[in-house]
Amino acid sequence: MRELTRAEEQVMQILWGIEKGFVKDILAKMSSPKPAYNTVSTIIRILEKKGFVKHKAYGKSHEYYPIVTKDQYRSFSIKNLLTGYFGGSFSKLASFFAKDENLDIKELEKLMNEVKGDVK
């Protein structure tokens with residue numbers, strides 16, 4: 001799997017939300033200022049080459065759908081963040097966010113309980 005550009009990720013976020021759609025459907029979900037139709041079409045074709053989406057053809061129209069789930073990409077992104085900035089240490093990552101967000105003891109305990117609950 002490869003990292004997505006900001007524009008590619010924006011398109012994927014929309015596709016994950018709508019599950020499948022034509023370029024016009026994706027464009028309709030974008031906030032203003034909206035990119036040109038051809039720009040979105042190009043981004044979709046790049047995503048297809050990268051292995052993130054596939055399409056179903058209806059004549060000259062193409063309906064696109066994601067083949068990489070949001071959870072799969074999230075896991076990939078977090079692992080990249082972890083290895084690239086925190087030497088592969090989850091505790092360094094957690095410590096960074098705890099300090100950066102000024103989490104107090106109650107918030108840290110709540111976080112720990114959530115993690116423990118997810119593990120069970």
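What covers the buried residues of helix 4 includes helix 1 (6–18) and helix 5, where contact means heavy atoms within 4.5 Å. The model is predicted, local features need pLDDT of at least 70, side-chain atom pairs count only at pLDDT 80 or more, and totals for chains, interfaces and linings use all residues. Residues are numbered from 1 along each chain as its sequence is written, and side-chain values use heavy atoms, with hydrogens and water left out.

**Exercise 1.** Determine which residues of helix 4 are buried.

*Solution.* Step 1: apply the cut-offs, namely buried under 20% relative accessible area, exposed over 50% and partly exposed in between (1.4 Å probe, protein chains only). Step 2: read off Tyr73, Phe76, Leu82 and Phe86 as the buried residues of helix 4.

**Exercise 2.** Classify Tyr85 as buried or exposed, and identify its helix.

*Solution.* Step 1: Tyr85 is found in helix 4; helices are DSSP runs (H or I, at least four residues), numbered from the N terminus. Step 2: Tyr85 counts as exposed because its relative accessibility is 68%.

**Exercise 3.** Compare the span of helix 4 with the expected value.

*Solution.* Step 1: the expected span is 1.5 Å times one less than the number of residues. Step 2: for the 17 residues of helix 4, 24 Å is expected. Step 3: the distance from the first C-alpha to the last is 23 Å, close to that expectation.

**Exercise 4.** State what follows helix 4.

*Solution.* Helix 4 is followed by Gly87, which has a positive phi near 60 degrees.

How values were computed
Helix = DSSP H or I, 4+ residues; strand = E, 2+ residues; numbered from the N terminus.
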